[in-house]
Amino acid sequence: MHPFREYVNPHLGELLEQLRMDKAFVRGEGCWLWDEQGERYLDFMAAYGALPFGFNPPEIWAALEAARDSGEPSFVQPSYLNAAGALARRLIELAPPGMRYVTFTNSGAEAVEAAIKLARAATGRRRILSADNAFHGKTLGALSATHRESYQKAFFAPVEGFDKVPYGDIDALASALAARPEEYAAFIVEPIQGEGGIVVPPPGYLREAQRLCREHGVLFIVDEVQTGLGRTGTLFACEHEGVTPDAITLAKALGGGLMPIGALLCTEEVYTEEFATKHSSTFAGNALACRAGLAALELLTRDDRALLRHVVETGQYLRRGLLEIQRRHPRVIRSVRGRGFMLGLEFGVDRERFPGNLLGVMGEQELLTPVIASYLLNVEKLRVAPTLNGADVIRIEPPLIAGRAECDYALAAIERVVELIDREDTAGLLRHLVGDGRRPEPRVAVRDAAATADRASDALNRGETRGEGGQGSDGKLPSGPTAREEPVAPSGDPEEGRFAFLVHPVDLENYPEFDPSLAAFTREELAELAGRWNHLLEPFRIGQTRIVSACGRKAYGEFYVVPRTADELLAMPSREAIAEVEKALALARDGGARIVGLGAYTSVVTRGGLHLRDAGVALTTGNSYTVAAAVEAIAEATRRLGYPLARGTVAVVGATGAIGRATALVIADQVDRLLLIGNPARAEQSRRRLLRVAGEICRHVLASVQGSTPQTAGMPVGTNGVRATANGRAARGATGSGGAAGPSPLAARLLAFGGWPDPEAPLEEFIRRYEEWVARGDCPLLITTDLDTMLPLADVVVTATSSTAHLVTPGNVKFGAVVCDLSRPPNVSREVRNARPDVLVIDGGVIEVPGRPSMGWNFGFERGLVYACMAETMMLALEHHYQHTSLGSDLNLETVLWLQELARKHGFRLAQLRSFDRPLSDEEWRRIVAARTAVLGSAAR
């Protein structure tokens, strides 16, 4: 680890490393830097203006060496300071007329602190007025005048007595001064806001501000820490308006690029004995810093201020070049700002201009400009930086000595990165952050990919695509936002339901679905990118929709992204993972949602939403309707294959989880044998939990056959505000099982075994009787954690785990099996698709929404298709059922039934069966049947 990160600033060091801006420079000369590997970089930051003559200017070094050679003492307070006196005299000679005294400091922030004290001492007033979006430093007083909460909050700033007005708004300034007569000591303002985004005020603003301050007896302080000493083409930026302030702060360029020094210049009228005798600094006015300052002023003014004329002319040349880039790429560059060599490039990248990719999200979350700066540093060898307050602005502040050749180099580099953004090549912009940093060869041209997505979406809207259910020729449209649609918004109608749903990238394969250009990366590169990037992103809204049900009810909904993969959420400490989900939940709640669905691992890490019950909004995991849809999909798949479920063995992998447990309960009285498979990593704990599920199944099947309605442990009738309306047999029919009127083979054997307690008896009595049944050796309901031994016995496999591993592989699944994968990320290896054509893998729980509206994002599906958990959230909003539903691991079977009834009422239905995220076409059905038939025929011969 570099000692800077280890001993100076570990947090900044980590951020620099993540952005690959952790260069260690070993040599600097003029406008150029060299790193440890000998790479050369053009510096167009100039240390935020502190390098007026570039690195290691020989004239400044000569002044310092002369001071050393002469033996001049550095620190001799209190006494007459020769170098300080000489520098002060020269500053007063060059400053706007009226300046009389100079107070030296060690930095710009200290100069601002001195100015605040000067004003209060001169006026006897306390309050300080500054401009919104200003930056005056990070010491406490200067920070209080900065008005940026992210800098202030941790330090309990601003302190009392600091106010702000909009920058450049003279009427607002007049109103503020009039509202507090004789309370303000000073108004401090930058001639051009630097960290605020290189913001130039309207012409005449400084002059009018000075007039107002004089009228109200308020000191007018101009902060020239960044603008002063040549940066804008004059020694003082306030000279552009002919303004003489009461005080001017200077720093940065005054040290000539080698020494830290600041200064406060003021008029005689505001300089008081109280300030003069009570303000001091040990290092201020030291000989070396002042000799450097004198040499800097000499360079700025020699040859009749030739360097300043150079800044004006070359700055205009650079600005014209930037304006030309803006003209060619107006979608990317919103404006070019500034004057001289203090220029800013404002980027206009947001999700409205850049839908369907990561660029818009990065722009809105203030991450794009740091990445642009990183790209320019690593790829183009150009050093620039974002402004601190104006996070959508890249500052371009070259050393004052930069010539046209350096400007051309910078312009060419900037043009290339802007062009990269304009063609929406996120992968190209991020490539340097992964692997060896070499640019990938795109698998498809980025513009072509985007155009394909648009054309496909348009075709779907016109109904011109082929195949069952409106799919394209490959059965799947490119993911992304639905093209060319008017965005939906809340109607304000109180009868319209309101919902939101939280999603996240379940695995790395989701990234190209969000941004097609990311397909250029390998899985390993995507993993590295996620590791560098995800924790910097905040939750964001990805889409919105309006649902109109079959009975005419409406609901408006929004989808919010938690920018963490399943693996990341699982690896986090529980408290951190919950906090990530809470941030997205707060966005949804504050956006007006009355019920919020927890998708994928946002449910897992919050214990099925139980940790969020007090978040101030109703929640659902959507698991109840997921169970119903899964059982319906299994019934449909086995029906099409001509395989009676009542003759089959069904294995539920993850049977102790919410979905696995409820699925096992629903399907138990429809099958011949049922295998409940738990987690082998916690074998003893899994066995105890599996025993409880087995006991619940026995009680449920017994009650179903007897026609009663048991209160299954953990599933009280009426949970979540749903009225229990059906017995177990009704629930069985509603799940689409069909089948014979009599009990299933499993149920028949349970009855034959006999000796069961009453359905209302405690669960422990059912568990004891179940264990006796198992001991006899003929029990068709088995519990195990031995996946690889039991899975090959199953005709139907249901996976419903929170594991991110591939549990079902070509080697452990029975010939001709049907596998319903409810897990996300999937528990079924994609190798099964090619290696086992006899096995039918279906994605459980994909639902067609009534009217097939756009969701604002396709989530990997065709238009109008969603996961069942999303559909449950929508139906609850349509019903205005704003109560917690489907929380925790103990799902209520009556709730499952009720949601099936809601689906029929509102027109939600199971979508065309899908396999590995693609609709199953008729051709694929024939291929599966042929593979099964061929093997069976061969065995018969």
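Axes here are lines fitted to C-alpha atoms, for helices over the stretch in contact, and angles run from 0 to 180 degrees between N-to-C directions. Helices (H or I, at least four residues) and strands (E, at least two) are DSSP runs, numbered from the N terminus.

What you have open is a predicted model, in which local features need pLDDT of at least 70 and side-chain atom pairs count only at pLDDT 80 or more, while totals for chains, interfaces and linings use all residues. Residues are numbered from 1 along each chain as its sequence is written, and side-chain values use heavy atoms, with hydrogens and water left out.

**Stop 1: colour by confidence**

Start with pLDDT, the predictor's confidence in each residue, from 0 to 100. The protein averages 89, and 90% of the residues score at least 70. Now select residues 440–484, where pLDDT is below 50; beyond near neighbours in sequence, this stretch has 69 contacts in the model. A contact means heavy atoms within 4.5 Å. Residues 709–740 also stay under 50, and the model has 75 contacts for them beyond four places in sequence.

**Stop 2: two cis prolines**

Most residues other than glycine have a negative phi, and most peptide bonds are trans. With that in mind, zoom in on Gln77 and Pro78, which are joined by a cis peptide bond with omega of about -10°. Pro78 lies in the loop between helix H4 (58–70) and helix H5 (82–94). Next, go to Ala157 and Pro158: a cis peptide bond joins them, with omega about 5°. Pro158 belongs to the loop between helix H8 (149–152) and S6.

**Stop 3: the seven-stranded sheet**

Strands of a sheet pair through backbone hydrogen bonds, either parallel or antiparallel. In this tour, two strands pair if DSSP finds at least two bridges between them. Show strands S4 to S10 as a cartoon and look for the order S4-S10-S9-S8-S7-S5-S6, an open sheet of seven strands with mixed pairing. Strand S4 (99–105) and strand S6 (162–165) are at the edges with a single partner strand each, so one side of each has no neighbour in the sheet. From one strand to the next, the twist averages 20°.

For a detail inside this sheet, select strand S9 (residues 247–250) and strand S10 (residues 262–267), which run antiparallel and are joined by four bridges. Ala247 is opposite Cys266 in S10.

**Stop 4**

The next open sheet has four strands in the order S11-S12-S15-S14, with antiparallel pairing. Its edges are strand S11 (333–339) and strand S14 (385–386); each has a single partner strand, so one side of each is left without a neighbour in the sheet. Between strand S12 (residues 342–347) and strand S15 (residues 393–396) you will find four bridges in the antiparallel sense.

Phi of Arg305 is near 60°, a positive value in a residue other than glycine.

**Stop 4: H12 against H15**

Two packed helices are described by the angle between their axes and the distance between the axes. For H12 and helix H15 (residues 404–422), the angle is about 15° and the axes are 10 Å apart. By class, the contact has eight nonpolar, two polar and six charged residues. Here Ala, Val, Leu, Ile, Met, Phe, Trp, Tyr, Cys and Pro count as nonpolar, Asp, Glu, Lys and Arg as charged, and the others, Gly among them, as polar.

**Stop 6**

The axes of helix H23 (residues 623–640) and H24 come within 9 Å and cross at roughly 50°, which makes H23 oblique to H24. The contact includes Val627, Val631 and Ile634 of H23 and Ile659, Ala662 and Val666 of H24. It has eight nonpolar, three polar and no charged residues.

Helix H24 (residues 658–667) also packs with helix H25 (residues 683–706), at an angle of about 30° and with axes 9 Å apart; H24 and H25 are therefore roughly parallel to each other. Select Arg661, Ala664 and Leu665 in H24 to see them meet Val693, Glu696, Ile697 and His700 in H25.

Key:
Angles under 35 degrees count as roughly parallel, over 145 as roughly antiparallel, 65 to 115 as roughly perpendicular and the rest as oblique.
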